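Have a go at each task before you read its solution.

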Amino acid sequence: MYDQLASIVSKENIVQNKPLKNHTYTRLGGNADYFVTPVTYEQVQHVVKLANQEKVPFTLLGNGSNLIIKDGGIRGIVMYLGKLAAITVEGTKIIAGSGALIANVSKQALTNHLTGLEFACGIPGSVGGALFMNAGAYGGEIKDVLLRAKIVDRDGELKVMEAKDLDLSYRTSNIPTNGYIVLEAEFGLEVGDFKQIKAVMDDLTYKRESKQPLEYPTCGSVFKRPPGYFAGKLIQDSGLQGKQIGGAQVSLKHAGFIINKDEASAKEYITLIEYVQQVVKEKYGVSLEREVRIIGEDG
């Protein structure tokens, strides 16, 4: 398998038994059997086709900001698209590679006096991840500005999908269910005033930095907002702030976040998530649905 992958992406872009905790914001997770970093769209297609042909498990890894990888790691091929990160501006459109940070796309919009992506200035994920879950913050969502995306399907075929065909809704899309791999996204923005755009971004950055526990490794907001409630408020009112299992702790700064306070294992982090869900359900009858994805194998 190593030789077959090397014939596609070259040896410097393959690592065997790669520790994945360096690729997640929680700093959790075991190793990948084969960690592959394509540098062209064609390489992505060929790796997908190889995985299909050899019946090897295949996992796509973005920026790791909304993800927990279990302690046993991931079998087979893990594909990382971090080198597909080009950002280009064409009038009021921005075309960004899947591996680009969505926050950097927001900054590029500011530089070019384009408005519409201010909400994304503090979102830590990649463009591909942002489309995957229709990322949003402070009243804005990816679906508000996405025009179309270039994807590779399960068979390794390259396609262009219009935004309306991706079923973007609250923190979800049909990208995971259809097995799509996002290669690039095209955003449609509007010309705006630089000072006004920057003022909005500065305000959102202040709100994020003052309210979120950014000083610790964390997956971000753990739970989706339940209808009629706020997840953080339910957790706080349940007396769970500061609750700790092993090295994982419900943040004292924002109850909607769980931090890796002291070299937690993925098992401890996940156990704490499940404990929070159980207590909130018992106290308020509300089922908290995870926003964070959990993948991989138990240790």
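Task: Is Asp-203 buried, partly exposed or exposed, and which lysine does its side chain meet in a salt bridge?

Solution: 
- Start with Asp-203: its relative accessible area is 37%, so it goes down as partly exposed. The cut-offs are under 20% for buried and over 50% for exposed, with partly exposed in between (1.4 Å probe, protein chains only).
- A note before going on: this is a predicted model, so local features need pLDDT of at least 70 and side-chain atom pairs count only at pLDDT 80 or more, while totals for chains, interfaces and linings use all residues. Residue numbers run from 1 along each chain as its sequence is written, and side-chain values use heavy atoms, leaving out hydrogens and water.
- Now the partner: the side chain of Asp-203 meets that of Lys-207 at 3.5 Å, N to O.
- Where do they sit? Both are in helix H6, four residues apart, so about one helical turn separates them.
- Salt bridges with shared partners also build one network, made of Glu-141, Lys-143, Asp-144, Arg-171 and Glu-291.

Task: Take the pairs Asp-202 with Lys-198 and Lys-150 with Glu-184. Where does each pair sit?

Solution: 
- Asp-202 and Lys-198 come within 2.9 Å, N to O. Both belong to helix H6 (residues 194–211), four residues apart, about one turn of the helix.
- On accessibility, Asp-202 has 41% and is partly exposed; Lys-198 has 34% and is partly exposed.
- Lys-150 and Glu-184 meet at 3.8 Å, N to O. Lys-150 is in strand E11 (residues 146–152) and Glu-184 in strand E13 (residues 181–188), so this bridge ties together parts 34 residues apart in sequence. Helices (H or I, at least four residues) and strands (E, at least two) are DSSP runs, numbered from the N terminus.
- Lys-150 is partly exposed at 25%, whereas Glu-184 is buried at 18%.
- For the tally, the whole structure has 19 salt bridges.

**A serine in a loop**

Task: Is Ser-173 buried or exposed, and which backbone atoms lie by its side chain?

Solution: 
- Find the spot: Ser-173 is in the loop that runs between strand E12 (158–162) and helix H5 (175–178).
- With a relative accessible area of 6%, Ser-173 is buried.
- A polar atom of its side chain is 3.1 Å from the backbone nitrogen of Ile-175, and one is 3.5 Å from the backbone oxygen of Leu-131.
- Skip the neighbours within four places in sequence, and Ser-173 is in contact (heavy atoms within 4.5 Å) with Leu-131, Phe-132, Leu-166, Asp-167 and Leu-168.

**The nonpolar cores**

Task: How many residues does the largest nonpolar core have, and which of them have the most contacts inside it?

Solution: 
- Count 32 residues, with Ile-102, Leu-131 and Phe-187 having the most contacts inside the core. Such a core is a set of buried Ala, Val, Leu, Ile, Met, Phe, Trp, Tyr and Cys residues joined through side-chain atoms within 4.5 Å.
- At least two core residues come from each of strand E7 (93–97), helix H3 (102–111), helix H4 (127–132), E11 and E13.
- Beyond four places in sequence, the contacts of Ile-102 include Leu-117, Ile-123, Val-127 and Phe-187.
- A second, separate core has 25 residues, among them Leu-28, Ala-248, Ala-266 and Ile-273.

**Cysteines**

Task: How many disulfides does the structure hold, and why is there no bond at Cys-121?

Solution: 
- The count is zero; a disulfide here needs two cysteine sulfur atoms within 2.5 Å.
- The closest cysteine sulfur to that of Cys-121 belongs to Cys-219, 20 Å away, so it is too far for a bond.
- Cys-121 is buried at 13%, and Cys-219 is buried at 2%.

**Whole-protein check**

Task: What is the make-up of the protein in helices and strands, and what percentage of its residues is buried?

Solution: 
- There are eight helices and 19 strands.
- Of the 299 residues, 49% are buried.
- Along the principal axes, the C-alpha trace spans about 55 × 50 × 30 Å.

How values were computed
A polar contact is a pair of N or O atoms within 3.5 Å; within protein, one must be able to donate a hydrogen and the other to accept it, and residues adjacent in sequence count only if both atoms are side-chain atoms. A salt bridge is a side-chain nitrogen of Lys or Arg within 4 Å of a carboxyl oxygen of Asp or Glu.
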